[in-house]
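Please look over the sequence and the coordinates shown below before reading the notes that come after them.

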Amino acid sequence: MRAMMQCYQLTGFHQELGRSEKPRPEPTGTEVLLRVAGAGVCHSDVHLWEGSYDLGAERKLSFADRLKLPLTLGHETAGEVVALGPDATGIALGASCIACSWIGCRECVACEAGDEHLCTAPRFLGVNRDGGYADYLLVPHPRYLVEIGDLDPVASAPLVCSGLTTYSALKKFGPLLARQPIAIIGAGGLGLIALGILKMLGGKGAVVVELDPRKREAATAAGALATIDPRAPDTATQLRQALGGAVLGVLDLVGSGETATLAVETLDKGGRLVIVGLFGGAMTLAVPLVPMKALTIQGSYIGSPAELSELVALVSEHGMPATPVDRRPLAQAAQALDDLRHGKVVGRVVLVP
Ligand SMILES: [Zn+2]
Ligand SMILES: [Zn+2]
């Protein structure tokens, strides 16, 4: 009899994740089998569970037709290589790795440029094929594995999505980071890890805008220069004061109509807004402000496989960002997703089989 594995799967939108057992896969061709050490629970897993994004004005972007259910969630996976297909070279049994889930078709223009995360026909782990809410994960090719050496695999798992997403978004501010503090909207898992990565990049730091007092506290502990409650009537003034003058960079990790509006109205001439969050909603853009203030409004979506390797090198040199990691047994996958959906998670939940 073949060895079995367990996984937690999305079987229908808005339905509690179900536990399944299936035969443990045998890697063929270039495939690599990881024994999962940790699988991060990400906000986009909540969106997958919901089956859509909110575009505002009662419009929704559904991906129900693009997902094949049942699907094992989990796109932030760390583990140990336990089996190799006959053509899988360049990685050794026993290697401790994180799996880059951002796998493209390798044929489209984005993939040819190395931007597999922007592929038009993605094959992402935990989205388009089974992910890491399981005790084993099949990775199609060793090129998607980044060795992490002595780094703690459980703490490293979130580098794959929340780490990479913030790293790639922060890089879009370029030399500004070293010249001036920026504003970060949102101190969830992404906001806290962003503070740590900003420091590693030699940044001047960030002022954090966040509704939840517990998350503001966590942001202070993670090194925020100041924190601001966006419900205050003078949020923009407070932000300008805390940043010590001009507001030239805003990283919006919430991505709601309100947060993007706050950013556009607060940014000074030459300012840049990078939107990462997918909370949803719509904004009315005062169009003349874009040319008059020479604003750049840029979206940032995850990051490339090469950027993930850069990030692991950065973390190996500077140490893991001081983000709280809430380790929970894999059997609590459904509860963890529910807690995240209700805003009850500080930092990052990592499921441990
Ligand atoms: Zn994610
Ligand atoms: Zn592609």
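The briefing below takes up a metal site, the arrangement of domains and the charged pairs. The structure is a predicted model, and the values given here are computed from that model. The chain is assigned two parts, domain 1 (4-161 + 302-352) and domain 2 (164-299), and one of its sites holds a zinc ion (ligand 2) coordinated by cysteine residues.

**Zinc site**

- The zinc ion (ligand 2) is coordinated through the SG atoms of Cys105, Cys108, Cys111 and Cys119, at 2.3 Å.

**Domains and their interface**

- Domain 1 is assigned as two segments, 4-161 and 302-352, whereas domain 2 is assigned as 164-299, and the C-alpha centres of the two domains lie 27 Å apart.
- At the interface, 30 residues of domain 1 are in contact with 22 residues of domain 2.
- The area buried between domain 1 and domain 2 is about 2,100 Å², with carbon and sulfur atoms giving 63% of that area.
- Of the area that domain 1 buries against domain 2, Glu307, Leu314 and Val346 supply 21%, which is more than any other three residues.
- Across the interface of domain 1 and domain 2 there are eight residue pairs in polar contact, both residues of each pair being at pLDDT 80 or more, and two salt bridges are found across that interface.

**Salt bridges**

- Side chains of opposite charge can pair when their charged atoms come close.
- A search of the whole structure finds 14 salt bridges, and one of the pairs joins the side chains of Glu307 and Lys171, at 3.3 Å from N to O.
- A salt bridge is also formed by the side chains of Glu21 and Arg19, at 3.3 Å from N to O, and Arg19 counts as partly exposed because its relative accessibility is 49%.

Technical notes:
Residues are numbered from 1 along each chain as its sequence is written. Chains are lettered from A and ligands numbered from 1 in the order in which they are written. This is a predicted model: local features need pLDDT of at least 70, side-chain atom pairs count only at pLDDT 80 or more; totals for chains, interfaces and linings use all residues. Side-chain values use heavy atoms; hydrogens and water are left out. Donors are N, O and S atoms within 2.8 Å of the metal (3.2 Å for Na, K and Ca); water is not among the atoms, so sites may look incomplete. Domain bounds come from an automatic or database domain assignment. Contact means heavy atoms within 4.5 Å. Buried area is the accessible area (1.4 Å probe) that two parts lose on being put together, summed over both. A salt bridge is a side-chain nitrogen of Lys or Arg within 4 Å of a carboxyl oxygen of Asp or Glu. A polar contact is a pair of N or O atoms within 3.5 Å; within protein, one must be able to donate a hydrogen and the other to accept it, and residues adjacent in sequence count only if both atoms are side-chain atoms. Buried means under 20% relative accessible area, exposed over 50%, partly exposed in between (1.4 Å probe, protein chains only).
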